[in-house]
Amino acid sequence: MAKIHRVVLIDVIDPHTHRQDAEKNLLELKSLVSTYNGIDIVSIIQHRTRPDKATFIGSGKVEELIEIVKKEQIGVVVLNAIVNPTVLFNLTQKLWTVNPQIQVWDRIDLILNIFDKHAHTSSAKLQIEIARMRHMGPRVFGLGTTYFSRQGGGIGGRGVGETNIELMKRHWRKQIKLKQDELAKLARQHELQLERRRENNLTGISIVGYTNAGKTSLFNLLTKRTKKVKDALFVTLDSVTGKVYLNESKKEVLVSDTIGFIKNLPASLVESFKSTLMDAIHADILLHVIDITDPERDEKIEIVERILMEIGARPKKIIFVFNKIDAYEGNGEEILKEIHNKYEIFTPQFISVKTDFGIPKLKREIEKGLSEYTSIEN
Ligand SMILES: Nc1nc2c(ncn2[C@@H]2O[C@H](COP(=O)(O)OP(=O)(O)OP(=O)(O)O)[C@@H](O)[C@H]2O)c(=O)[nH]1
Ligand SMILES: [Mg+2]
């Protein structure tokens with residue numbers, strides 16, 4: 001069994017924020033932590049007008065944190081923010097005395113560590129590496145093995161007056177550039193593949209949506225595949241393409257499953273994952289899968305639509321697919337009406353992958369979209 005990590009979650013919130021809202025903010029972080037196989041032992045919510053520059057929580061709270069780490073045998077401290085690497089380093093240093101193996105992460109570190117567990121293809125792995133290097137920044141990255149081993153061998157040719165930091169920066173930039181070039185090559189291959197499909201008039205459908213909405217479940221159902229499905233965030237990292245058979249037009253069309261989106265996805269990660277989302281960027285039809293049981297449904301819809309815009313997806317049609325209706329506990333009639341009113345232009349569909357409900361109708365809607373916007377008849 002995978003190792004369970006004992007985790008402390010830390011958030012700094014404005015003194016005017018209610019405790020309830022603060023706890024809600026921590027919820028997603030908690031599911032991320034459990035996705036990472038961690039159990040959150042303690043949450044610390046610190047009220048401050050703004051985070052402390054050196055330690056995020058301020059020296060008083062740091063003392064409290066040291067006690068908790070010691071008493072609860074904490075292995076990982078996670079900050080619900082994106083912070084400067086120096087802050088992480090400062091906190092790590094303070095906690096070393098009670099646990100020499102302590103890890104201090106911010107949101108990006110946590111997400112990257114989850115990604116790491118799920119990356120299979122070389123382009124997903126490269127993307128994670130690039131994002132990690134960017135996030136570490138030149139100073140911390142420079143402290144890594146690469147820098148010192150090369151330093152040991154003698155870098156040579158160091159220009160007059162060049163400081164160590166400048167050297168580190170240059171090394172850091174160069175390493176990132178190398179990885180980016182490698183990734184660009186893979187992306188180009190992928191793009192050529194997509195172009196070829198297009199020339200052969202194979203239309204692309206892509207399944208997108210917030211993480212854990214049921215995208216892979218739908219993909220499996222449509223393509224009769226058996227990709228991994230799990231009640232956790234970011235189970236899917238690599239986009240995978242399969243075929244769905246459409247009964248009326250008696251055609252097979254390509255459909256791809258993609259990485260899930262998340263609130264506050266750091267810009268650097270969006271950039272890094274663009275190539276994974278290539279299928280979504282080029283798709284003619286997007287199926288935007290939404291978990292109808294999620295109380296934050298509307299907010300998540302907005303987040304997904306915004307990220308789609310940011311990555312430059314310009315589909316001919318977007319179909320909103322409200323999934324998990326088998327598990328919806330509220331007033332069914334009311335919610336259907338509300339959704340129809342709000343999202344009519346996205347021809348909302350209501351399905352349950354679990355019970356198969358709504359799938360034939362969804363497929364008909366896809367066929368309609370395809371015949372409206374593309375020429376699969378040829
Ligand atoms: N009750 C119910 N649960 C569902 C349904 N469809 C999917 N799920 C569950 O929702 C969870 C997430 O499903 P996935 O298909 O892995 O979701 P995803 O959107 O691919 O998630 P990521 O790849 O992590 O972004 C799993 O526990 C599924 O069993 C459904 O129709 N009803
Ligand atoms: Mg998935």
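Trainee: How many bridges join strand β9 to β10, and do the two run parallel or antiparallel?

Mentor: Strands of a sheet pair through backbone hydrogen bonds, either parallel or antiparallel. Here 2 bridges join β9 (residues 317-323) to β10, and the two run parallel. Strands are DSSP runs of E, at least two residues, and helices are runs of H or I, at least four, numbered from the N terminus. Two strands pair if DSSP finds at least two bridges between them. One bridge links Val-321 to Gln-349 in β10.

Trainee: Before I go on, what kind of model is this?

Mentor: It's a predicted model: local features need pLDDT of at least 70, side-chain atom pairs count only at pLDDT 80 or more, and totals for chains, interfaces and linings use all residues. Residues are numbered from 1 along each chain as its sequence is written, while chains are lettered from A and ligands numbered from 1 in the order in which they are written.

Trainee: What is the strand order in the open sheet of 6 strands?

Mentor: Read β6-β7-β5-β8-β9-β10, with mixed pairing. The edges are β6 (240-246) and β10 (349-350), each pairing on one side only.

Trainee: Which residues touch the most other members of the largest nonpolar core?

Mentor: In soluble globular proteins, nonpolar side chains tend to be buried together. A nonpolar core is a set of buried Ala, Val, Leu, Ile, Met, Phe, Trp, Tyr and Cys residues joined through C-beta atoms within 7 Å. Buried means 20 or more other C-beta atoms within 10 Å of a residue's own, exposed 12 or fewer, partly exposed in between, with C-beta atoms placed from the backbone. Among the 87 residues of this core, Val-77, Val-78 and Val-321 touch the most other members. Domain 1 (5-105) and domain 2 (191-373) both contribute residues, so the core lies between them; the bounds come from an automatic or database domain assignment.

Trainee: Where does Val-353 lie, and is it buried or exposed?

Mentor: Val-353 sits in the loop between β10 and α13 (359-373). It's buried, with 24 other C-beta atoms within 10 Å. Contact means C-beta atoms, placed from the backbone, within 7 Å. Beyond four places in sequence, Val-353 touches Gly-214, Ser-217, Leu-218, Leu-221 and Asn-323. Val-353 and Ser-217 are 136 residues apart in sequence, yet 6.5 Å apart in space, C-alpha to C-alpha.

Trainee: How many residues has helix α7, and what does it reach?

Mentor: The expected span is 1.5 Å times one less than the number of residues. Helix α7 (residues 164-199) has 36 residues and reaches 52 Å from first C-alpha to last, close to the 52 Å expected. Its buried residues include Met-168 and Trp-172.

Key. Contact = placed C-beta atoms within 7 Å.
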